[in-house]
Amino acid sequence: MKHSTRSLVALSCLSAQALGKMDFPDCVNGPEVLTKNLVCDTTAHPSERAAALISAWNVDEKVANFIDKSPGASRLGLAAYDWWNEALHGVGSSPGVVFADSGEYSSATSFASPILMSAAFDDGLIHEVAEAVSTEARAFSNAGNAGLDYWTPNINPYKDPRWGRGSETPGEDPFRIKGYVKALIDGLQGDQNITKVIATCKHYAAYDLEKWEGITRYRFDAIVGMQDLVEYYLPPFQQCARDSKVKSIMCSYNSVNGTPACASTYLMETVLRDFWEWTDESQYVTSDCDAILNFHQDHNYTTTAAQSAAVALKSGTDTICEYTSITDMTGAWNQSLIPEPIMDQALRRLYEGLIRAGYFDPADATSYRSLAWKDVNTPETQALAVRSAAEGIVLKKNDGILPLKNINASIALIGFWAAAGNTSMLGGYAGIPPHYFSPLYAAQQLGFQTTNATGPVKQVASDEDTWTTAALEAANNSDIVIYFGGNDMSIESEELDRTSIAWPEAQKALIEKLCALGKPCIVVELGDQNDDAPLLDSDDVSAILWAGFPGQDGGTAVFDILTGKTAPAGRLPVTLYSADYVDQVPMTDMSLRPSETNPGRTYKWFDGAVLPFGFGLHYTTFEPSFAPDAFAEKTYSIDELLSTCSEKYLDLCHFETVGISIKNTGNVTSDFVALAFLSGEHGPAPYPIKELTGYSRVKGIEPEESKEDVLNLKLGDLARVDEHGNTVLYPGTYDLLLDVPTQDTVSFELTGEAKTLIEFPQPPADLGEGNGHEKFTPK
């Protein structure tokens with residue numbers, strides 16, 4: 001969606017003025033055409049209820065309701081409904097969400113950004129956050145301050161460090177993203193027959209470029225081979241659609257192999273609905289905002305807005321988000337470009353989603369309808385907001401200064417977000433939080449004697465220096481210096497990719513001056529990763545913490561780590577690259593494997609990291625190991641493994657339960673994230689360096705204590721994807737590696753012939769086959 005957080009707040013206000021608050025249809029006292037319609041019969045099947053509702057609409061009503069700001073149908077007792085609601089890490093500012101100026105519904109809990117939560121490698125935490133977000137979202141909906149659907153999560157794998165939206169995602173590894181997605185979708189959509197909130201997995205597919213070297217996401221054609229597509233870009237969406245049965249998916253701006261994603265019948269019908277069987281609840285697809293406009297304006301796929309609207313619906317898009325565009329559905333209908341049955345199908349899908357969320361049901365049909373303001377910003381969610389940040393914070397360097405032991409020490413808090421009373425800690429797609437607890441606030445609450453000075457953000461050496469004098473004065477008058485810097489959303493955000501991943505020039509210069517004073521000097525990083533090599537190599541820098549976008553309680557979470565109230569256990573969910581990496585591969589290169597023009601992407605294919613995926617230090621030491629009986633059989637027959645499996649999808653077949661033991665050999669109680677990777681030369685060359693195949697956060701391990709846990713491996717975790725996109729289980733020797741860096745290894749062997757677990761549907765030459773675009777595409 002094309003907007004900044006600020007513009008979303010403005011859009012939210014404008015939409016609220018235009019559409020008013022969300023109203024549930026009245027199946028008791030509404031117009032007879034509604035109350036007598038099967039849609040109001042809660043005993044009927046949702047698909048039958050949706051079909052009955054749409055059959056009562058006239059063509060004009062149908063044509064008007066394909067956009068995000070749906071006007072409804074007053075004749076039928078249907079009020080306007082805005083489909084554009086956001087909840088990436090809390091109820092977010094968006095056209096469908098109304099934040100009051102004060103009092104009730106004036107705020108919502110703002111948790112840490114997804115990439116920071118993902119760094120905790122704790123799916124239980126993700127589920128808790130999702131439950132809290134959906135509870136607050138439902139409360140807003142019940143008050144008429146939001147809809148029932150939310151355009152979250154962003155699950156595009158984050159392979160290029162320049163991407164401006166990386167912080168919205170769970171990171172670079174598809175296996176990690178799948179675990180995050182499963183926990184999140186379950187927490188958002190709930191466990192009742194009535195959907196708690198409708199989640200929307202986005203952006204389908206191969207989307208990870210905003211604006212780079214004059215190339216924008218609106219016209220970018222992502223050229224992706226089948227092997228990379230199936231192995232890397234699609235697994236999170238397979239989890240969403242096939243395995244988690246998410247209620248909605250958003251198609252992306254970019255083209256994929258020559259066809260706009262929202263016009264790709266291959267992606268949206270062949271793969272999504274047919275192959276992944278994403279049809280059991282008539283789930284729907286929404287376009288990204290103005291993505292249909294891009295058909296004719298940017299991709300040269302059609303020539304008019306009417307043609308674009310018709311092609312989108314014929315391809316499987318069900319609702320169209322507008323931002324600056326006007327969707328010409330009227331023109332599409334009047335020009336006989338779109339058959340009425342296609343329109344009916346899309347509308348049935350949309351309203352079946354609302355029906356399943358209880359939109360037409362009495363208020364006492366579900367406990368979700370009783371959620372109210374009392375369930376927003378509760379003490380429990382406030383504590384969870386702190387955890388969502390603290391458990392993911394990664395300790396990158398520590399010379400022994402941390403945890404801070406002397407409460408009487410004076411601290412200089414320096415940097416642009418040290419005293420943040422603004423949105424810098426929140427990150428993208430945030431709402432309005434009940435408070436902003438900055439690092440300065442947190443330090444003062446703990447009783448530290450503090451001084452404070454601001455710092456630069458993206459300034460360069462030639463800019464007027466208005467910060468160094470005050471910063472050095474504050475540092476000279478303190479015992480400890482803590483610099484709060486990194487990247488805010490003026491450096492990286494939607495529609496803003498980076499061209500450099502080095503530390504911003506003026507910030508690096510200030511860090512060098514502060515840390516050269518000879519005092520303990522700690523750097524706390526906001527946002528995505530910069531090249532930390534100069535700071536890691538400097539004896540003047542005592543410690544480095546990465547805090548992502550830590551949310552409303554970011555300062556409290558950071559000081560929980562700094563003081564040892566919470567021991568750091570987060571692990572990097574991405575590879576930390578050197579600054580010159582950006583000169584070695586263009587953002588437009590979608591391939592993962594190394595080549596003459598590509599050094600390789602992610603930890604699987606690149607081995608020159610400044611810090612690797614999964615890196616994270618602790619305040620104690622650990623000895624992780626596999627259980628003595630791990631892979632006791634050592635050799636497994638592929639045929640026997642498959643013959644004992646009863647799963648519908650063979651990649652979900654159980655392979656082995658592997659025991660692990662984590663011993664705390666230090667003197668600080670701490671969590672430990674166990675990461676297990678597979679390595680070996682099996683399947684098509686080249687071979688990945690290693691691939692994540694299991695993780696678990698083992699909690700509260702006391703000094704000299706050992707705790708056991710297990711990792712459950714599936715056959716799909718062992719398999720490789722061939723050049724045709726098929727998932728194949730190959731014979732060979734497999735090494736299972738524990739921790740980063742590796743601290744234990746066990747091996748096993750698979751024997752017999754290679755077996756295909758998933759035979760992926762092959763694409764036609766025209767990925768928009770059947771949508772009729774060939775009549776409209778400019779020659």
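**Ground rules.** Because the model is predicted, I take local features only at pLDDT of at least 70 and side-chain atom pairs only at pLDDT 80 or more, while totals for chains, interfaces and linings use all residues. Residues are numbered from 1 along each chain as its sequence is written, and side-chain values use heavy atoms, with hydrogens and water left out. For helices (H or I, at least four residues) and strands (E, at least two) I use DSSP runs, numbered from the N terminus.

I started with strand β11, residues 284–287. Y284 and T286 point one way from β11, V285 and S287 point the other way, and all are buried. Buried here means under 20% relative accessible area, against over 50% for exposed and partly exposed in between, with a 1.4 Å probe and protein chains only. I then looked for the neighbour: strand β8 (residues 248–251) runs parallel to β11, joined by 4 bridges. Strands count as paired if DSSP finds at least two bridges between them. I traced M250 across to its bridge partner in β11, which is T286.

**Q552.** Next I went to the loop between β17 (543–546) and α20 (554–563), where Q552 sits. Is Q552 buried or exposed? It is buried, at a relative accessible area of 0%. Contact means heavy atoms within 4.5 Å.

**α6 on α15.** I checked how helix α6 (residues 123–142) packs on helix α15 (residues 379–390): the angle is about 140° and the axes are 11 Å apart. That makes α6 oblique to α15. Axes are lines fitted to C-alpha atoms, for helices over the stretch in contact, and angles run from 0 to 180 degrees between N-to-C directions. Under 35 degrees is roughly parallel, over 145 roughly antiparallel, 65 to 115 roughly perpendicular, and the rest oblique. The crossing is left-handed. Left-handed means the near helix is turned anticlockwise from the far one by less than a right angle, right-handed clockwise.

**α17 on α18.** Helix α17 (residues 468–476) and helix α18 (residues 505–515) cross at roughly 30°, with axes that come within 10 Å. So α17 is roughly parallel to α18. I noted a right-handed crossing for α17 past α18. T468, A471, L472 and A475 in α17 meet L510, K513 and L514 in α18.

**β18-β20-β23.** I then followed an open sheet of 3 strands in that order, with antiparallel pairing. β18 (622–626) and β23 (706–714) are at the edges with a single partner strand each, so one side of each has no neighbour in the sheet. The twist averages 25° from one strand to the next. Strand β20 (residues 654–664) and β23 share 9 bridges. I picked out I660, whose bridge partner in β23 is D709.
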